[in-house]
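I'm jotting down what I looked up, one entry at a time.

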Amino acid sequence: RTVYVNGEYVPEDGAKVSVFDRGFLFADGVYEVTSVLDGKLLEFEGHATRLERSLSELDMASPVTKDELLEIHRELVRRNDLTEGMIYLQITRGAAADRDFAFPDPEETPPTIVLFTQSKNLADSPAAKVGMKVISIDDIRWGRRDIKTVQLLYPSMGKMMAKAAGADDAWMIEDGHVTEGTSNNAYIVKGGKIITRHLGSEILHGITRATVLRFAREAQMEVEERHFTIEEAKEADEAFITSASTFVMPVIAIDGVSLGDGTPGPVAQRLREIYLEESRKAAI
Ligand code: PLP
């Protein structure tokens, strides 16, 4: 694989980042994941805009313009012959000479930017046909989940807790209400109505979430943006999650309780179809 590191395209084995990099030492960095279908980028504009917001919330400047970023994404797709999969992008506050909690002067310490590709079957996902099982866990993450930081230890632990329980993912609970999945936004469907948590600093503002809700409204489906409890979720007709790499993925059980008849629900399946069809058309 060819990866991109600070202005250069290099073979992955030759790519280097400093041991003093603040991404490595402090998880002081942000990331984005953009999907690729038919060799084209999905939702590039949305990911690039959210990246700028994440950076600005952390007082960081982007080392590249949006146009340059698009070109880097496309060049990596070309160099790696990527037809379907993801592009991972990470920008950290760079490598200061000494380990110090205080941010270094950006004039002296430029950010580190890394991008790499990952090939994966996304559209024809076996998991989408069977649906996934989730468990609920406490949400003990920090309070700025609207910033897409590389601080992903607790979500990783959540995935492991899910695996240990024979499930696929965990939905996190704060003050009795579901915030989101470990790496996705969470939805339930009741009486045909799609319910998903309102935006705020408690969740990541999913790019897929925004698009899926727009498609749902355009298809005359009723959408309610409000928080919901795990008890309400267990009594829902169906549930699903969204993210850049899973699109729309049905959820068939929560904490061992089957939803509906225990198979992917019609609303989730329809939204997945619409999302795939429309995003292929809009891909650049
Ligand atoms: N919520 C969290 C915590 C995530 O990590 C992600 C994606 O990585 C999402 C939601 C979904 O966001 P998007 O649709 O932009 O991929």
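This is a predicted model: local features need pLDDT of at least 70, side-chain atom pairs count only at pLDDT 80 or more; totals for chains, interfaces and linings use all residues.

**Entry 1: one leucine.** I started with Leu259, which is buried because 24 other C-beta atoms lie within 10 Å. My cut-offs: buried is 20 or more other C-beta atoms within 10 Å of a residue's own, exposed is 12 or fewer, partly exposed is in between, and the C-beta atoms are placed from the backbone. Leu259 sits in the loop between β15 (257-258) and α8 (266-282). Helices (H or I, at least four residues) and strands (E, at least two) are DSSP runs, numbered from the N terminus.

Residues are numbered from 1 along each chain as its sequence is written.

**Entry 2: its neighbours.** Which residues does Leu259 touch, leaving out those up to four places away in sequence? I listed Ala236, Asp237, Glu238, Ala239, Val251, Ile252, Ala253 and Ile254. Contact here means that two C-beta atoms, placed from the backbone, lie within 7 Å. I also checked Ala233: it is 26 residues from Leu259 in sequence, and their C-alpha atoms are 8.7 Å apart.

Entry 3: With the same exclusion of residues up to four places away in sequence, Val251 touches Gly131, Met132, Val134, Ala239, Phe240, Ile241 and Leu259.

**Entry 4: the core.** The largest nonpolar core has 34 residues, and Val134, Tyr187, Ala239, Phe240 and Val251 touch the most other members. Such a core is a set of buried Ala, Val, Leu, Ile, Met, Phe, Trp, Tyr and Cys residues joined through C-beta atoms within 7 Å. Elements giving two or more residues to this core include β7 (132-138), β13 (238-243) and β14 (247-254). β14 gives the most, with six residues. Apart from this core lies another one, of 19 residues, with Val3, Leu41, Leu76 and Leu89 among them.

**Entry 5: two domains.** I then zoomed out. The chain is divided into domain 1 (2-119) and domain 2 (126-282), with bounds from an automatic or database domain assignment. Their C-alpha centres lie 26 Å apart.
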